[in-house]
Amino acid sequence: MIGRRAATIRLAGRMTGRGAALAALLVLVATPAWARGPWHRTGRLHTSRFSATATLLPSGKVLVVGGYRFVPLATAELYDPATRRWSAAAPFYSPRFRHTATSLKDGSVLIAGGGNLTVGFLTSAERYVPAEDRWLPAAPMPVARDNATATLLSDGRVLLAGGSGRAVPALSSAATYDPATNTWSTVTRMHTGRYNATATALRDGDVLVVGGEQGRPGDVRLLSSAERFDPRTDRWTRVPSLPYPLANQTATLLRNGDVLVVGGGDRAPGFTARAEIYDPARNRWRAARALPAPRAFHTATPLPDGRVVVAGGINDHGALAAAEVYDPGRNRWRPAGTTTAAARESSVLLPDGHVLVIGGQTYQGRPVADSSVFTP
């Protein structure tokens, strides 16, 4: 393909008028959409998957864990940015998807909860030790849950909040995991039970939880409420609600300490292109420039220069290939090329400032094995 494209470009250089235009068209036809912009393929995962997790390791490699491919997976993979290759990591104990993954201060990775087809909702947790490429059992959670949020606290603990449970479709319970003692501790409940919400660690050490869903399939209600958790006092405090309900959105901490909330929705109530910014110092929301098109189940990754790249997701028209970059200083979105059209992907900011986007599913539900890197 590269040779064909180069030959076409050389031929176009010797042409004028209609001939050159035809040659240029051949270049576009011969070149995949993802290769025409800032996105470049990095090879394929060994196993296609969606609803997996991706975590940056201290070595600069990326650990991808679990997910769904016709059944929940117990496999893990490693991406090496230096070689742009994928390799198998040690498999873990319990297949799972819709779980959480948190990079701990000692360099290990905690995965917790999720679900599988054997036991349904999981209480189990495991820790990956990168230096030894092995998994260690972690203490089980007090409550089984999937679609929860997990946030690394400033003291090294992990806050797990909300999610779906066996008896309650939207959990308000929360717990913290202490890596030093390998123990879970129940903390105060949220004011509102929710799943498919977002959680963001703020600069002052609090955690902001936004939106989410309640109810069972076929009778789902999206939430506009938000609340903050103070780990020092073990207290949840309601904050002003969003102007509209949403779930399956993204929330990104900006360089100035504000939180950018983008998109969201679900198939039943529909999708949104709206974006909001939460100001923790003033405890208020303000509208940001809306996306060019609605999307949910997408990724949002902060870039080193303070911008945020949004990729993938779905809306009423299908899975999205177009990516956008948000500039907080100018409050505007710019096109950022196209990549694989998929939702429920995972994304990671690499040490070199590039963004790796992994896996996902098509609008028809087919799992994707593609991975791509975005060059800002």
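**Strands and a buried glutamate**

Modeller: Strand E19 (residues 207–210) and strand E22 (residues 226–230) run antiparallel and are joined by 4 bridges. Two strands pair if DSSP finds at least two bridges between them. Strands are DSSP runs of at least two residues, numbered from the N terminus. The model is predicted, so local features need pLDDT of at least 70, side-chain atom pairs count only at pLDDT 80 or more, and totals for chains, interfaces and linings use all residues. Residues are numbered from 1 along each chain as its sequence is written, and side-chain values use heavy atoms, without hydrogens and water.

Biologist: Which residue stands opposite Arg228 in E22?
Modeller: Leu208 does.

Biologist: What is the strand order in the open sheet?
Modeller: E18-E19-E22-E23, 4 strands with antiparallel pairing. Strand E18 (198–201) and strand E23 (235–239) are at the edges. Each has a single partner strand, so one side of each lacks a neighbour in the sheet. From one strand to the next, the twist averages 25 degrees (axes are lines fitted to C-alpha atoms, and angles run from 0 to 180 degrees between N-to-C directions).

Biologist: Is Glu227 buried or exposed?
Modeller: Buried, because its relative accessible area is 1%. Buried means under 20%, exposed over 50%, partly exposed in between (1.4 Å probe, protein chains only). Glu227 is in strand E22.

Biologist: What joins the side chains of Glu227 and Arg194?
Modeller: A polar contact of 2.8 Å. That term means a pair of N or O atoms within 3.5 Å; within protein, one must be able to donate a hydrogen and the other to accept it, and residues adjacent in sequence count only if both atoms are side-chain atoms.
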